[in-house]
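Here are my notes for a first look at this one. Have the sequence and the structure open beside you while you read.

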Protein chains: 2
Amino acid sequence: MLASIRIILVKTSHPGNIGSAARAMKTMGLTNLYLVAPKQLPDANAYAIAAGADDILDKATVLPTLDAALQGCHWVAGASARPRSLAWPELTPHALGGAAIAAASSGPVAILFGNEQSGLSNEELARCHFHIRIPSDPHFSSLNVAAAVQILCYELRMAFLAHSVPVAPASAETPATSDELAHFYQHLEQVLVEIGFLNPAYPKHLMRRLRRLYARAQLSQTEVNILRGILTETTRALSQGMVTA
Amino acid sequence: MLASIRIILVKTSHPGNIGSAARAMKTMGLTNLYLVAPKQLPDANAYAIAAGADDILDKATVLPTLDAALQGCHWVAGASARPRSLAWPELTPHALGGAAIAAASSGPVAILFGNEQSGLSNEELARCHFHIRIPSDPHFSSLNVAAAVQILCYELRMAFLAHSVPVAPASAETPATSDELAHFYQHLEQVLVEIGFLNPAYPKHLMRRLRRLYARAQLSQTEVNILRGILTETTRALSQGMVTA
């Protein structure tokens with residue numbers, strides 16, 4: 001579905017920004033770059049900044065008008081930093097992700113980014129079904145065009161992944177069982193008494209604190225084995241009166 | 001709360017990326033930039049690319065070590081593109097936003113970004129409670145460091161804007177700071193050597209495993225004091241050859 005999404009840069013001034021946008025797209029799995037009336041075509045500097053996203057630049061479609069770039073698209077959204085006097089239906093970047101991915105399942109969709117100095121013109125924005133406002137700090141909303149491409153492509157990819165990929169578990173290791181934990185706590189308590197840290201007459205509070213600490217960590221079997229290894233070694237070292245350091 | 005978040009760039013090679021990161025931060029309302037051992041300090045090029053985020057560069061804190069930059073931070077996350085042999089608790093960028101904003105309500109937090117060529121080292125990542133994997137396309141995961149800063153700062157801002165609702169902290173206790181944790185790990189390593197559990201020639205893997213375990217628990221100051229009390233008592237018992245049980 002990402003392949004059905006066109007990233008359209010309109011009247012971009014700096015080839016470096018085109019290279020940077022290509023790299024941003026490719027990191028997020030987008031490949032369809034359209035350049036409408038760029039001031040300069042991608043040059044050596046653009047390729048250097050693209051840092052391996054050369055193929056995106058190589059097969060970028062360069063066209064003289066926005067109309068030509070939008071040919072065949074049934075759903076269009078445009079990034080706009082400034083509020084306009086005539087307010088348009090707006091999407092947050094996050095909402096854009098879901099909406100564009102859904103729309104992409106039924107045909108080509110387009111996301112427009114304007115010129116570095118002035119953004120998209122009112123006429124260009126009027127071609128969009130939705131405006132996307134990236135909620136930057138109102139005191140400094142000067143987002144670089146490639147940075148805006150990066151954020152929106154990131155949200156597109158997140159929405160794309162949310163369609164399919166299962167989430168990995170927190171840890172790949174087998175969690176310790178209740179009885180393994182119970183033996184670990186017994187062992188810990190015994191060694192704390194051995195070293196004189198725990199008064200066996202009043203063990204409860206300290207042991208509860210330590211249980212709470214290790215409960216938060218959700219110990220794996222391997223980790224319980226390591227911790228018990230430390231306890232065993234402590235007892236052995238004590239019994240030999242051994243100090244190696 | 002965004003003011004409590006430090007963006008820490010570790011060993012950055014290109015001043016242009018520092019300028020670009022400063023701009024990315026400022027568009028999202030973040031202001032605290034730390035530079036750990038940068039190859040070059042921000043130059044004219046960095047300021048040109050910062051495009052108005054000069055104040056962020058002017059007051060950036062430049063330090064020789066990551067330890068110094070983490071001073072006082074109780075919650076640390078690091079961006080990592082590569083999976084590591086020893087997997088760490090991971091956050092998506094979106095989850096990072098919520099978690100970091102919640103953590104920032106109880107003190108300084110840090111987000112680390114590594115060098116352009118190699119990212120964060122295993123040792124640097126071991127200082128983190130969480131790793132952040134930006135889910136880029138596995139066929140082209142070469143995200144520019146400033147682009148990574150842009151995405152994560154965007155998610156931080158989104159969480160900040162959504163965060164009219166207060167989130168309860170994980171524990172009512174004061175969280176341990178990075179330097180308190182660093183001293184604890186040093187102490188732990190020293191005692192593990194004393195009891196003969198750790199071979200000082202090959203400490204890394206075991207210590208990283210233990211760091212990961214305790215990172216998950218997000219230790220409080222009181223808990224660090226208890227654990228260090230156990231370590232001190234172990235050494236004392238050893239030096240007296242004392243076995244009470």
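**Notes on the two chains**

1. Let's start where the chains meet: there are three salt bridges between chain A and chain B. Keep in mind that this is a predicted model. One of the bridges to look up joins the side chains of A:E223 and B:R216, with 2.8 Å from N to O.

2. Polar contacts come next. Between chain A and chain B, 14 residue pairs are in polar contact, counting pairs with both residues at pLDDT 80 or more. On the side of chain A that touches chain B, the elements giving two or more residues are α1, α5 (93-104), α7 (145-162), α8 (178-194), α9 (204-217) and α10 (221-239). Of these, α10(A) has the largest share, with 12 residues.

3. How much area do chain A and chain B bury between them? It comes to about 5,200 Å², and 64% of that is on carbon and sulfur atoms. Three residues deserve a click here: A:F140, A:Y154 and A:R216 supply 13% of what chain A buries against chain B, more than any other three residues. As for residues in the contact, chain A gives 63 residues and chain B gives 63 residues.

4. Is β1(A) mostly covered or mostly open? Mostly covered: six of its six residues are buried. That holds on both faces, with A:I5, A:I7 and A:L9 buried on one side and A:R6, A:I8 and A:V10 buried on the other.

5. Which strands pair with β1(A)? One is β6(A) (residues 109-113), parallel to β1(A) over five bridges, and here A:I8 stands opposite A:L112. Another is β2(A) (residues 32-36), also parallel to β1(A) and also over five bridges. In that pairing A:L33 is the bridge partner of A:I7. To get from β1(A) to β2(A), the chain passes through helix α1 (residues 15-27), making a right-handed β-α-β crossover.

6. Over in chain B, look for an open sheet of seven strands with parallel pairing, in the order β3-β2-β1-β6-β4-β7-β5. The edge strands are β3 (61-63) and β5 (90-91) of chain B, each pairing on one side only.

Methods: Residues are numbered from 1 along each chain as its sequence is written. Chains are lettered from A and ligands numbered from 1 in the order in which they are written. This is a predicted model: local features need pLDDT of at least 70, side-chain atom pairs count only at pLDDT 80 or more; totals for chains, interfaces and linings use all residues. Side-chain values use heavy atoms; hydrogens and water are left out. Buried means under 20% relative accessible area, exposed over 50%, partly exposed in between (1.4 Å probe, protein chains only). Helices (H or I, at least four residues) and strands (E, at least two) are DSSP runs, numbered from the N terminus. Two strands pair if DSSP finds at least two bridges between them. A crossover is right-handed if, with the strands pointing away from the viewer, the path from the first strand over the helix to the second runs clockwise. Contact means heavy atoms within 4.5 Å. Buried area is the accessible area (1.4 Å probe) that two parts lose on being put together, summed over both. A salt bridge is a side-chain nitrogen of Lys or Arg within 4 Å of a carboxyl oxygen of Asp or Glu. A polar contact is a pair of N or O atoms within 3.5 Å; within protein, one must be able to donate a hydrogen and the other to accept it, and residues adjacent in sequence count only if both atoms are side-chain atoms.
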